[in-house]
Amino acid sequence: MAKKGRVFSGIRPTGRAHLGNYLGAFKNYVALQEDYECVYCIVDLHALTTVEDTLNLKQNTYDLALDLLAVGIRPEETILFVQSHVPQVTELHILLSMVTPLGKLTELPTFKEMVRHNPNNVNYGLVGYPVLMSADILLYKTDLVPVGIDQAPHLEFARETVRSFNYRYNTNVLIEPQMKAAEVQKVLGIDGKEKMGKSLNNHIELAATPEETRQRVMMMVTDPQRMKRTDPGNPDVCNVFTLHKVFTPKEDVEMINVECRRAGIGCVDCKKRFAESLNKTLEPFRAKRAEIAAQPDLVPAVLADGADRARAIAEKTMQEVREAVQLP
Ligand code: TRP
């Protein structure tokens with residue numbers, strides 16, 4: 001079947017995936033496989049820009065690959081690989097850096113945010129983060145990049161880099177990618193306030209056991225205005241209800257909606273039901289994950305094959321790029 005074009009996305013290896021990763025990204029990655037040729041990259045080099053992510057890089061890379069395969073990434077069609085296994089990206093990175101004004105990098109809101117978080121580790125690699133990300137995308141002549149809305153400045157940067165590069169070297173080898181923003185912008189954590197993430201420990205891991213999942217769900221903050229079981233609740237401001245809408249069958253969601261508003265159902269009961277829906281949804285994922293994990297050679301083999309296929313595309317682009325730059 002003819003595909004509509006090529007999709008590329010990079011995912012930072014920060015450990016086991018959680019509900020936020022799933023709803024905000026993975027679900028989309030899986031769906032895009034139907035219509036696009038997909039290339040998904042575990043960006044280990046990007047992880048090196050922040051110290052806390054460098055500590056368990058090997059394990060985190062393995063866990064992420066395992067989660068992606070279990071969630072439905074199909075390595076027979078889709079290219080799944082590790083960034084550093086295709087060194088052409090570092091070569092493109094340095095060539096792109098020559099058409100990148102330094103001020104543009106330091107002005108990016110994402111960079112300023114990083115500096116605020118890591119004031120003691122503002123390294124050269126961190127400044128160049130968007131250049132490396134552009135190299136990722138452009139190396140594969142990508143049409144579409146599925147990312148969270150927080151990455152919009154990086155995508156715009158990549159597009160500008162294409163224009164600068166093509167203009168400077170009077171070429172059209174690089175292609176401007178389009179962004180595809182995730183439908184779910186922000187999944188809140190169990191605190192019901194902040195974005196779900198590992199660093200705030202407000203996340204629910206996909207690969208947790210059903211019992212661990214239940215315990216995490218029971219810690220979730222519901223409608224903060226609802227004090228007593230007999231108070232009517234407001235599902236519109238309740239994070240548990242928001243997630244029910246994703247994981248629970250429609251009739252049950254409607255029942256909860258009605259009963260919560262008239263104090264027919266309490267938060268404890270509502271959360272128990274949510275834990276059940278969630279565990280039920282995740283059951284096939286967990287089974288598949290265990291099956292893959294039981295074959296220790298499988299993930300490394302998938303990643304090696306992915307790197308071979310990625311390298312073939314990357315090297316072809318680089319031959320054109322070197323030619324355009326007229327490297328001797
Ligand atoms: N910066 C992205 C993030 O933090 C990760 C990333 C690296 C990426 N390279 C990419 C995303 C290329 C899309 C395309 O989520």
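The protein chain of this predicted model is divided into domain 1 (6–187 + 296–325) and domain 2 (210–290), with bounds that come from an automatic or database domain assignment. Taken over C-alpha atoms, the centres of domain 1 and domain 2 are separated by 34 Å. Twelve residues from domain 1 and seven residues from domain 2 take part in the contact, where contact means heavy atoms within 4.5 Å. Residues are numbered from 1 along each chain as its sequence is written, and side-chain values use heavy atoms, with hydrogens and water left out. In this predicted model, local features need pLDDT of at least 70 and side-chain atom pairs count only at pLDDT 80 or more, whereas totals for chains, interfaces and linings use all residues.

The area buried between domain 1 and domain 2 is about 850 Å², and carbon and sulfur atoms give 70% of this area; buried area is the accessible area (1.4 Å probe) that two parts lose on being put together, summed over both. One salt bridge is found across the interface of domain 1 and domain 2, a salt bridge being a side-chain nitrogen of Lys or Arg within 4 Å of a carboxyl oxygen of Asp or Glu. R289 and D67 form a salt bridge in which the closest N and O atoms are 2.6 Å apart.

On the side of domain 1 that touches domain 2, the elements giving two or more residues are α1 (19–32) and α3 (57–71). Helices (H or I, at least four residues) and strands (E, at least two) are DSSP runs, numbered from the N terminus. The largest share of this side, six residues, comes from α3.

Polar side-chain atoms lie 2.7 Å from a ligand nitrogen atom for Y129, 2.8 Å for D136 and 3.0 Å for Q151.

Notes: Polar contact = N/O pair within 3.5 Å; in protein donor to acceptor, adjacent residues only side chain to side chain.
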